[in-house]
Amino acid sequence: MKDNSINIREVNNTMTLLKYIVLFIVYQTVVSIKYEPNWDSLDTRPLPQWYDQAKLGIFIHFGVFSVPSFDHVPAWFWKYWHDKSDMNSVEFMKKNYPPRFTYQDFAAEFTAEFFNAEEWAEIFNASGAKYAVLTTKHCDGFTLWPSRTSFNWNSNSTGPKRDIVGEFSAALRKKSSLKVGLYHCLQEWFNPLYLKDKESNYTGQEYVKLKVQPALYELINNYKPEVLWSDLCELKGPAEYYKSQEFLAWLYNESPVKDTVVTNDRWCATCFCKHGGYFTCADKFNPGVVQKHKFEGGLTVDRDAWAYRRNVQLSNFLSAHDIISNLVSIVSCGGNMILDVGPTKEGKITPIFEERLRQLGQWLRCNGEGIYSTVPWSHQKDTTTRYVWYTMKKTDEKMVYAVVLSWPQNNTLTLGAPITSTNTIVTMLGYPEKFQWTTTAGAQGLNITIPNISWNKLPCQWAWTFKLTNIQN
């Protein structure tokens, strides 16, 4: 009699082979995607997953502007002084420097003798951030790497005589888990080539061909950043002038970081909040409502400046609570937050900046579960109690996190947004015990009973995260 029984081993082998065939087809489809140099194509590129999960980055404004380090916008000092648009800067120079002193003379004083990239990496890692972005070239045109397009106006030729970008990138990869991010400004206020192109109403492209494009390719090929933070000093010039679409097509299709790099939206005068990778929309963007497109909101530890300034007052610094409040609201609405610090001209991150970063990291070590890899919930803010923001994480079961920015009064936290079930469990991140809760039958919301916990028994300071498991909405 013929044996019609099924050979299980053969079936398994066949299924395994089919699985690999399917994976191969998917892989070939993915790698065969070629982005065209136009926004219709470029804007379809999915954002690499790591960026959405990261939630927090560090911004570092460092350069020749760190020498005068004066007034409310230190990175724009040259522009304000040159144009006499800020008389504080003009009077500062008259009072403290000789008449023929130029902005270029500051470069010799940009010494960076205390710059230790590995020390920076340790501080940034301690903050809980997942990426760090360094200003490689701001609007003054000075580069922090030995760029072939910036002869004698770079950190390797003058000032510290060091490749700051190279040391920064190597240290992040060696001493931390942070992704390397590089900021690059497409414009330069007083570059004659740029001014000539600007005079032609951006019909000429000599500046772009000789300066912008070569510098961008240098940064990507030499340092392989996973964040490329583009910027404009003024909202002028179309994408065609900067060759932004051609560059991004190369970045996404052929560059050494094509599969992992993320970019922002500052690639032309009309690109903000419209084209590119994640959106920044405006400085310190914090919409307060959920966004359809991934965004990044900026925040400065010195509330009034994007770089270190010597005349800063203690009252200008954000508290740890201020920083955490902004982080929570931005993440609740689907964004990442990038937190700015400004080193001194010597390359030191001053103690108050370092303290704020370490305080943020201390909070995230306890509450990071409710921040990293979360997504927006159906509600961002609570409907009953102020200063409560929500995030959500969905694995095998849905978990909603209510981040409370003000400790509940009268031993009760009332939340109006959640709909409970008979299996709802309420805990606090970092606290070992479950919390009792009550609600009106069939009603939305719950009252969480807070036991008498002494302050030294609380898991953290500044804000507390209640974890709601098995809710219905």
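**View 1. Strands S2 and S3 run side by side.** Strand S2 (residues 131–137) and S3 pair in the parallel sense over 6 bridges, where strands are DSSP runs of E with at least two residues, numbered from the N terminus, and two strands pair if DSSP finds at least two bridges between them. Within this pairing, Lys-137 stands opposite His-184 in S3. Strand S3 (residues 179–185) is mostly covered, since 6 of its 7 residues are buried; buried means under 20% relative accessible area, exposed over 50% and partly exposed in between, with a 1.4 Å probe and protein chains only. The model shown here and in the other views is predicted, so local features need pLDDT of at least 70 and side-chain atom pairs count only at pLDDT 80 or more, while totals for chains, interfaces and linings use all residues. Residues are numbered from 1 along each chain as its sequence is written, and side-chain values use heavy atoms, with hydrogens and water left out.

View 2. The protein chain is divided into domain 1 (39–370) and domain 2 (375–471), with bounds that come from an automatic or database domain assignment. The centres of the two domains, taken over C-alpha atoms, are separated by 37 Å, and 19 residues of domain 1 are in contact with 21 residues of domain 2, contact meaning heavy atoms within 4.5 Å. The largest nonpolar core has 125 residues, and those with the most contacts inside it include Ile-60, Phe-124, Trp-363 and Phe-466; such a core is a set of buried Ala, Val, Leu, Ile, Met, Phe, Trp, Tyr and Cys residues joined through side-chain atoms within 4.5 Å. Because domain 1 and domain 2 both give residues to this core, it lies between them. Apart from this core lies another, of 28 residues, among them Leu-186, Tyr-202, Cys-271 and Phe-272.

**View 3. The surroundings of Trp-267.** Trp-267 lies in the loop between strand S5 (262–263) and strand S6 (296–300), and at 1% relative accessibility this residue counts as buried. Not counting residues up to four places away in sequence, Trp-267 touches several residues, including Trp-39, Leu-186, Leu-216, Tyr-242 and Phe-247. Ser-230 is also touched by Trp-267, and although the two are 37 residues apart along the chain, their C-alpha atoms are separated by 6.4 Å.

View 4. About 410 Å³ of space lies in the largest pocket. Its lining has 28 residues, of which Trp-76, Asp-231, Arg-266, Asp-283 and Trp-306 lie nearest the centre, and the largest share of that lining, 3 residues, comes from S6. The whole structure also holds 1 cavity of 30 Å³ or more, and residues lining the largest cavity include Phe-62, Thr-135, Lys-137 and His-138. On a 1 Å grid over the protein atoms alone, a cavity is a set of points where a 1.4 Å probe fits but cannot get out, whereas a pocket is an open set with protein on both sides within 12 Å along at least five of seven lines, and lining residues have an atom within 4 Å of a point. Grid points are joined across faces, edges and corners, and a volume is the space filled by probe spheres set on the points.

**View 5. An open sheet of 3 strands.** The strand order in this sheet is S10-S13-S12, with antiparallel pairing. Strand S10 (412–415) and strand S12 (437–438) stand at the edges with a single partner strand each, so one side of each is left without a neighbour in the sheet. S10 and strand S13 (residues 446–449) pair over 4 bridges, and Thr-414 stands opposite Asn-447 in S13.
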